[in-house]
Amino acid sequence: GSEKKVIVVFVLGGPGSGKGTQCANIVKNFGFTHLSAGDLLRAEISSGSENGWKGKEAINKIPKIEFASIVFFSTMIQNMIKEGKIVPSEVTVKLLQRAMKESGNNKFLIDGFPRNEENRAAFEEVTKIVPEFVLFFDCPEEEMERRLLSRNQGRVDDNVETIRKRFKVFIESSIPVIEHYGSKGKVHKVNAARPVEEVFETVKEIFSPYGA
Ligand code: UP5
Ligand code: MG
């Protein structure tokens, strides 16, 4: 039919490897829609806590049981992020699907997802989408830690204790996902320990067949 093929690129790499930064550049040059699973979760938390704490209006309009579950869910997600834990894929896949639908686009950069085998299997099962390729930003931990500690955007997970936990989860759970796609010849590994512009030169070459 007239339906355009959906192109999904998974953008993976450790915490602070530069996924968000490079995605912003890819969007400008190649017409993709950027969906960061972490950003979607953080947006969900802040809208949940808005419903939860701002004004009695919301409290009166929303049925009590629903209100309780909104507060419960945003608190749970917030706590998992603070601990560097991976939120269940029921939550993330739903948020990603909704954002894909709302965008109206057919080319997506999915940033920071899938983070474990369960995420990967659930996404493929629910959406039936197989990624075009995986962009993997490879960066030493010392460099990533330096970047995260100087980011200063008030993220609850940008402190030394949580950063160490995020590194551990990345190695134990997320590297196997990259290896899975590597065994299918789908991974473009990029040296991310270089200046932003230099990394983007490499990224541009990888995306040139998918031009705007
Ligand atoms: N910077 C960027 N590139 C640079 C360069 N080349 N040289 C020097 N500095 C550079 O960059 C980080 C900082 O470094 C910035 O200040 C930037 O200017 C600078 P950024 O582009 O933000 O890196 P990014 O890889 O996006 O780092 P981020 O912290 O977002 O990665 P995470 O993977 O840790 O965070 P995410 O938001 O994806 O997930 C957060 C948490 O949400 C997870 O820990 C988990 O608890 C939860 N989550 C899930 O449970 N499931 C999901 O599917 C997704 C998230
Ligand atoms: Mg990010």
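1. A crossing is left-handed if the near helix is turned anticlockwise from the far one by less than a right angle, and right-handed if clockwise. Here, helix α5 (residues 89-103) and helix α6 (residues 117-127) cross in the right-handed way. Helices (H or I, at least four residues) and strands (E, at least two) are DSSP runs, numbered from the N terminus.

2. Before going on, please note that this is a predicted model, in which local features need pLDDT of at least 70, side-chain atom pairs count only at pLDDT 80 or more, and totals for chains, interfaces and linings use all residues. Residues are numbered from 1 along each chain as its sequence is written, while chains are lettered from A and ligands numbered from 1 in the order in which they are written.

3. Back to the helix pair: the axes of α5 and α6 come within 10 Å and cross at roughly 45 degrees. That angle makes α5 oblique to α6.

4. Now look at strand β1 (residues 7-13), where six of the seven residues are buried (20 or more other C-beta atoms within 10 Å of a residue's own, with C-beta atoms placed from the backbone). β1 has five parallel bridges to strand β3 (residues 107-111), and I7 sits opposite K107 there. Five bridges also link β1 in parallel to strand β4 (residues 133-138), with F133 as the partner of V9.

5. Finally, turn to ligand 1, which 30 residues surround; among the closest are G38, G112 and R147. Elements giving two or more residues to this shell include α1 (19-30) and α7 (141-149).

Conventions
Near = placed C-beta within 6 Å. Buried ≥ 20, exposed ≤ 12 C-beta atoms within 10 Å, placed from the backbone. Pairing = 2+ DSSP bridges. Axes fitted to C-alpha atoms, helices over the stretch in contact; angles between N-to-C directions. Parallel < 35°, antiparallel > 145°, perpendicular 65-115°, else oblique.
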